[in-house]
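Here is a quick tour for anyone meeting this structure for the first time. Have a look at it, then read on.

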Amino acid sequence: MDKLTALKTYFGHGAFRPGQEPVIDALLAGRDVLAVMPTGAGKSACYQIPAVLLGGVTLVVSPLISLMQDQVAALQEEGIPAACLHSGQDEIAARTAAAQALRGGCRVLYVAPERLETNGFLALAARLDVRLVAVDEAHCVSQWGQDFRPSYLKIAAFLARLPRRVPVGAFTATATEQVRQDIIRLLGLRDPLCLTTGFDRPNLYFAVERPRDKERYVEEYILDHPGKSGIVYCATRKTVESLCRELRAAGIPATRYHAGLEAEERAKNQEDFVYDRRRVMVATNAFGMGIDKSNVSFVLHYNMPKNLENYYQEAGRAGRDGEKAECVLLFSLGDVQTARYFIENGRDNEELTPAEDEAARARDLERLDRMVGYCKTTRCLRGYLLNYFGESHAGKCGNCGNCRGDFVETDITTEAQKILSGLARIEKRWPGGLGVVALVQMLRGSRDQNTLRRGLDELPTYGIMKSTPPGRMRQYLDALEEQGYILPAGGEFPVLRLGAKAGGVLFRGEKVTMTERAATRREQQAGRRAARSKTAARAAAQTAGDSLFERLRDLRSELAQAHHVPAYVIFSNAALAEMAEKRPRTTGDFMRISGVGEVKARRYGAAFLRAIAEYSAAEPAD
Ligand code: ADP
Ligand code: ZN
């Protein structure tokens, strides 16, 4: 069998996605691989197809039990014998899996990294015909990465103890140059093929919103997307609790996940979400790594994450089935303070020296700045993200909040003159400079202690912007900073400095503008309402044409319940949509649907073909 036949036969896909082919070829030829591919790109197939073609056993090191179990279920559905070994199993389950592997009844064996060191597993591995080792979430080996796991450091020693060195494939969705080097070094990869596929996810729509009432926004958003499954990420457990309660009170089938819940409840809630019993998951960032649910239609961020790596990974859990999906970040300035607080007061990493720890925090603050930049930019959001991950981009994607939004240029020359001359006065009086708070208080004529103690009320610029609300003030300052009129100078207490361009405004009457959204707050709310009725209309129009899709989705749920697997393991939404559109009548037609492999066609084909035939027969002819 060749690799394309394997792709078609087992996974039901007609063509490879970018990056899959070279990775598979390299592994088949016995070469190590480091593949950096975004979430949803199809990394699993990169080692599962070689597993099928190489025969013997492919070991997959994977950090999360939930992920393993889903993958094993999915592989079995596809007709590939698989099993897993991890600490969450009882003795009997572990022995059964081992026996199955020894009998040759297991093509893919998932194993938790802690297992690798145990003598029992080493003895088992020595007796198995291991032909390939895949390391999933390989960035966990690096302390530079977000999810460092010490047990990953043992993988190299394990590889060395196998009877013979087999090709190793390392896979991750997030890796800067530094992390890539760490993976190669710490896993001991030998002359690996290093492949990074594009990070762009064209089916994802990105937006940043600044709603006054976030809770209300989330509630309306979810009600606007009936029947859709999504995740709402919050910064704290407390927010998860209160938001989840509110949503339920509004009749939304939501569940929750955070590290403060009992393991049992976490597992149950996760399962409810994965099996589509609850369509909304409200969670902290403890949720999601290894969640392999492909039909997530939206990911909302109630709070801003602390860096873009986290954001892109979390947002990237939307739309893995390739369907259109939305990623909306709800920004407020308070989030910046919260994130800063977490970074500055976070737990020390005991494995780092104080100096290293200091450096790590400084790096984290830098990353935070770029994250805030994403929230504030008026440029294309996709372009911003891709640039951050080192990819160039044309700069106008047409599918993000900023590309679609209306912006206007507002003349802020007068305001800029006031602010900059205020800053100039402060610089003269306080050569060391003062922070942004002092400047704003002075300009707004505040009577607070610090302002008065410093004598800022004696400056001629004191109170010249009395009537400007603080939020508006912030926007002016952001705009001036973005354009280089003001430079923030770092240090423990950041101060503001006049930029070189400021002179032009102060002395030569140069014009300053600011790009901002065309809609004011009130208009935005009206717009949301209008959008809502538009969505409702669209949804109504869709249901008319989509009832076959609905019917197939119901059938999928029934089958999922009966077979005890998550619904998307049977067929993705994309596959159902294609069935509804093409209405296959024969098994041959059915197998031409992307996502329908041989085993699934045999197992489910009859039921789906019957449903489609019945539906077509009942339809009035026109
Ligand atoms: P990753 O592990 O990279 O996040 P997955 O391996 O879970 O991504 O794959 C994501 C989705 O893409 C799955 O639903 C999978 O069936 C689908 N997929 C993988 N390869 C292909 C392909 N060549 N053509 C179409 N769909 C694919
Ligand atoms: Zn864009």
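Between domain 1 and domain 2 the count of salt bridges is 0; a salt bridge here is a side-chain nitrogen of Lys or Arg within 4 Å of a carboxyl oxygen of Asp or Glu. The two domains do bury about 1600 Å² between them, with 50% of that on carbon and sulfur atoms. Buried area is the accessible area (1.4 Å probe) that two parts lose on being put together, summed over both. On domain 1, the side that touches domain 2 is made up of 7 nonpolar, 8 polar and 3 charged residues (Ala, Val, Leu, Ile, Met, Phe, Trp, Tyr, Cys and Pro count as nonpolar, Asp, Glu, Lys and Arg as charged, and the others, Gly among them, as polar).

This is a predicted model: local features need pLDDT of at least 70, side-chain atom pairs count only at pLDDT 80 or more, and totals for chains, interfaces and linings use all residues. Residues are numbered from 1 along each chain as its sequence is written, and side-chain values use heavy atoms, with hydrogens and water left out.

Here are the domains, with bounds from an automatic or database domain assignment:

| Domain | Residues |
|---|---|
| domain 1 | 3-196 |
| domain 2 | 204-405 |
| domain 3 | 408-519 |
| domain 4 | 545-618 |

The centres of domain 1 and domain 2, taken over C-alpha atoms, are 28 Å apart.

What about salt bridges elsewhere? A search of the whole structure turns up 27 of them. One joins the side chains of aspartate 25 and lysine 3, at 3.0 Å from N to O.

Zooming out, the C-alpha atoms fill a box of roughly 85 × 70 × 45 Å along the principal axes.

Definitions and conventions:
Chains are lettered from A and ligands numbered from 1 in the order in which they are written.
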